[in-house]
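Here is a quick walk through a model, written for someone who likes cut-offs spelled out. Have the viewer open as you read.

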2 protein chains.
Amino acid sequence: MTIGEVGRQSGLAPSAIRFYEKAGLLRTPFRKSGRRAYTPDVVHQLALIRFAKDVGFTLPQIRLLLHGFPQNTTASTRWRTLARGKIKELDEVIGKAQAMKTLLESMAIKCQCRTVEDCAKCLATSGKAKPSLAG
Amino acid sequence: MTIGEVGRQSGLAPSAIRFYEKAGLLRTPFRKSGRRAYTPDVVHQLALIRFAKDVGFTLPQIRLLLHGFPQNTTASTRWRTLARGKIKELDEVIGKAQAMKTLLESMAIKCQCRTVEDCAKCLATSGKAKPSLAG
DNA sequence: GTAAGAGTTAAAGTTGACTTCATGTCAAGA
DNA sequence: TCTTGACATGAAGTCAACTTTAACTCTTAC
């Protein structure tokens with residue numbers, strides 16, 4: 001398969017496929033007169049990469065998942081190892097977003113300020129009571 | 001106050017304060033022999049900017065909040081107007097992150113694949129049943 | 001034989017919110 | 001007076017995950 005065909009089947013731009021290759025996610029395929037000649041299983045590999053991206057992994061993390069463990073490491077072990085940290089990250093994202101939403105809703109409901117300058121002073125005086133988002 | 005003092009009081013780098021000025025969040029202050037000379041209320045304004053950032057607004061949105069409405073628009077109206085869209089965005093973020101987490105947990109629990117290549121094929125065959133994250 | 005279309009590369013551009021750098025000015029303290 | 005430190009500016013660098021561009025090669029169809 002040419003890189004164009006792989007792109008159509010996987011829904012990716014050829015440039016993205018080349019990029020994944022350079023990033024170490026895909027092995028360099030055979031070349032036929034200079035051009036990449038893929039076997040069809042690369043489409044599965046790309047689907048896996050997409051799935052990993054969908055659950056939040058970065059490209060370096062996906063490279064780790066694919067090629068960063070001792071060779072006899074099972075896939076389930078690889079997933080579990082990486083999933084632990086990522087689930088933590090996701091919990092943080094969720095918590096932070098919920099805190100932001102709460103803060104925003106209470107602001108939209110309770111703010112009686114006439115000018116934004118009033119808000120600035122209001123925040124300064126009530127600042128200590130505000131829930132913190134830091135972390 | 002010099003920009004350094006403002007930075008120390010607001011917890012921001014002077015470069016960030018200059019950046020906010022250029023981005024249209026802060027009005028250009030008076031100059032004393034070329035240097036920015038601030039009145040203390042800029043610290044409140046910066047606290048407000050930080051708060052807006054904390055609840056998820058981008059700098060262009062904050063500029064809108066501060067200077068993008070007719071002058072007699074109340075602060076509460078400004079907040080409500082901008083909060084509506086942002087809350088929607090946050091709901092999407094939360095939903096997406098929760099979906100990612102669910103997918104990741106089920107992967108970590110249920111994956112029995114020996115190699116990651118098996119995962120790739122497994123995803124290809126069961127792909128239609130997978131919950132979509134698109135959107 | 002030639003033109004269109006797809007492939008190749010390396011390098012630069014994109015977005016957001018800044019920081020860092022290079023270079024220059026200025027002011028206060030010893 | 002001289003040094004040190006803070007300030008000024010504009011340009012370039014940062015991160016992620018690609019895309020776009022420029023310049024070139026190669027295949028295929030006519």
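## Ground rules

Two residues are said to be in contact if their C-beta atoms, placed from the backbone, lie within 7 Å. What you see is a predicted model, in which local features need pLDDT of at least 70, side-chain atom pairs count only at pLDDT 80 or more, and totals for chains, interfaces and linings use all residues. Residues are numbered from 1 along each chain as its sequence is written, while chains are lettered from A and ligands numbered from 1 in the order in which they are written.

## A look at Q45(B)

With neighbours within four places in sequence left out, Q45(B) is in contact with A120(A) and L26(B). Q45(B) sits in helix α3 of chain B, residues 42-54; helices (H or I, at least four residues) and strands (E, at least two) are DSSP runs, numbered from the N terminus.

Buried or exposed: which is Q45(B)? Q45(B) is buried, because 23 other C-beta atoms lie within 10 Å. The scale goes like this: 20 or more other C-beta atoms within 10 Å of a residue's own make it buried, 12 or fewer exposed, and anything in between partly exposed, with C-beta atoms placed from the backbone. Q45(B) and L66(B) are 21 residues apart along the chain, and their C-alpha atoms are separated by 9.7 Å.

## How the two chains pair up

Chain A can be laid on chain B with an RMSD of 0.2 Å, using a turn of 180° and a shift of 0.0 Å along the axis. The two copies are therefore related as by a two-fold rotation axis. Within chain A, I94(A) comes closest to the rotation axis, with its C-alpha at 2.6 Å.

Now for the interface: 45 residues of chain A are in contact with 45 residues of chain B. On the chain A side, α3 (41-54), α4 (59-67), α5 (75-110) and α6 (116-125) each supply at least two residues, and α5(A) gives the most, with 20 residues. That side divides into 27 nonpolar, nine polar and nine charged residues. Here Ala, Val, Leu, Ile, Met, Phe, Trp, Tyr, Cys and Pro count as nonpolar, Asp, Glu, Lys and Arg as charged, and the others, Gly among them, as polar. Of the interface residues of chain A, 100% are also interface residues in chain B, so the copies meet through the same surface.

## Around the DNA

A residue is near a strand if its C-beta atom, placed from the backbone, lies within 6 Å of it. DNA strand D is surrounded by 17 residues, and the closest are A16(A), T58(A), T2(B), G4(B) and R36(B). The largest share of this surface, three residues, comes from α2(A).

DNA strand C has 18 residues around it, with G4(A), R36(A), A16(B), S33(B) and T58(B) coming nearest. The residues here divide into seven nonpolar, seven polar and four charged.

Most residues other than glycine have a negative phi. S33(A), in the loop between β1 (30-32) and β2 of chain A, has a positive phi near 50°. S33(B), in the loop between β1 (30-32) and β2 of chain B, has a positive phi near 45°. S33(A) is exposed, because 5 other C-beta atoms lie within 10 Å; S33(B) is exposed, with 5 other C-beta atoms within 10 Å.

How values were computed. Least-squares fit on C-alpha atoms with pLDDT ≥ 70 in both.
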